[in-house]
Amino acid sequence: MKTTYLTREESIDKLREIVANVPVGVMLSNLTSLPLGANPMEVKTVDNDGGIWFLSSVESDHYSNIMSDKRVQLVFSHPDEMQFLSIYGHAIIYTNRTLLEELYTASEDQWFDGVHDVKLIGIKVEPSSSFYWDKKQNKFVEFLKNLFSSDSSNDNDNETMGRINL
């Protein structure tokens, strides 16, 4: 497995690529106490600075956890594609209606009474430390390469890991 060091622009592209492939991650909050808060969250967008945006409710556990301590950990996993992403950062709560309208889609209607629901909030996670693991080819392609290759060594050049620098 080779380690890749990404530029800021490459980091944002890698972040967007993995999040597009794994749009639901787990947000861990209340990081200094047990049990940790753990909630599945759907990413709404990744902005040009690498900020990861979610919609949530003021009645959620992670909202109260973030109000007490802004530190969060995000974990994304797609085992079939061998893509994994871990992000540590700080969460910021937004209530700006114009912003919430931009992020809101009809799928949120299952949790909210429309975009003007007073419980609706936005959460932006600003990453301060991120790490990813990404296998470029699926297991079947790797199997075929090994099957038909005269070199019996297991070359893992299609596996990368690295820090995302934002």
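Is Y94 buried, exposed or partly exposed? At 26% relative accessibility, Y94 counts as partly exposed. Keep that residue in mind as we walk through this model, which is predicted.

The mean pLDDT of the protein is 86, and 84% of the residues reach 70 or more. Residues 137-150 are another matter: pLDDT stays under 50 there, and the model has 8 contacts beyond four places in sequence for this stretch. Where pLDDT is low, the predicted coordinates should not be read in detail.

**An aromatic pair**

Y94 has a partner, W53, and together they form an aromatic pair. Their ring centres are 4.8 Å apart, and with 45 degrees between the planes the pair is tilted. The model holds 2 aromatic pairs by this rule. W53 sits in strand 5 (residues 52-57) and Y94 in strand 7 (residues 83-94), so the pair ties together parts that are 41 residues apart in sequence. While Y94 is partly exposed, W53 is buried, with a relative accessible area of 7%.

W53 leads us to strand 5 as a whole. Here 6 of the 6 residues are buried, so strand 5 is largely enclosed by the rest of the structure. In a regular strand the side chains alternate between the two faces of the sheet. For strand 5, I52, F54 and S56 lie on one side and W53, L55 and S57 on the other, and both faces are covered.

Which strands pair with strand 5? Strand 4 (residues 45-46) joins strand 5 through 2 bridges, running antiparallel. I52 in strand 5 is the bridge partner of V46. The hairpin of these two strands has 5 residues between them, and within this hairpin G50 takes a positive phi near 90 degrees. Strand 8 (residues 120-135) also pairs with strand 5 in the antiparallel sense, over 6 bridges. There, L55 has G122 of strand 8 as its bridge partner.

**The nonpolar cores**

The largest nonpolar core has 24 residues, and M27, F54, L85 and I123 touch the most other members. Helix 1 (8-21), strand 5, helix 2 (61-68), strand 6 (71-78), strand 7 and strand 8 each supply at least two residues of this core. Strand 8 gives the largest share, 4 residues. Another core, of 9 residues, lies apart from the largest one, and L55, Y104, F112 and V115 are among its members.

Leaving aside residues up to four places away in sequence, M27 touches several residues, including F54, H62, I66, V72, L74, I123 and V125.

D134 belongs to strand 8. Is D134 buried or exposed? D134 is buried, with a relative accessible area of 4%.

| Side chain | Partner side chain | Distance |
|---|---|---|
| D134 | K14 | 2.6 Å |
| D134 | Q83 | 3.3 Å |

P79 lies in the loop between strand 6 and strand 7. P79 and D134 are 55 residues apart in sequence, and their C-alpha atoms are 10.0 Å apart in space. D134 is buried, whereas P79 is partly exposed, with a relative accessible area of 47%.

Technical notes: Residues are numbered from 1 along each chain as its sequence is written. This is a predicted model: local features need pLDDT of at least 70, side-chain atom pairs count only at pLDDT 80 or more; totals for chains, interfaces and linings use all residues. Side-chain values use heavy atoms; hydrogens and water are left out. Rings of Phe, Tyr and Trp (its six-membered ring) pair if their centres lie within 6.5 Å; planes under 30 degrees apart count as stacked, over 60 as edge-to-face and the rest as tilted. Buried means under 20% relative accessible area, exposed over 50%, partly exposed in between (1.4 Å probe, protein chains only). Two strands pair if DSSP finds at least two bridges between them. A polar contact is a pair of N or O atoms within 3.5 Å; within protein, one must be able to donate a hydrogen and the other to accept it, and residues adjacent in sequence count only if both atoms are side-chain atoms. A nonpolar core is a set of buried Ala, Val, Leu, Ile, Met, Phe, Trp, Tyr and Cys residues joined through side-chain atoms within 4.5 Å. Contact means heavy atoms within 4.5 Å. pLDDT is the predictor's confidence in each residue, from 0 to 100.
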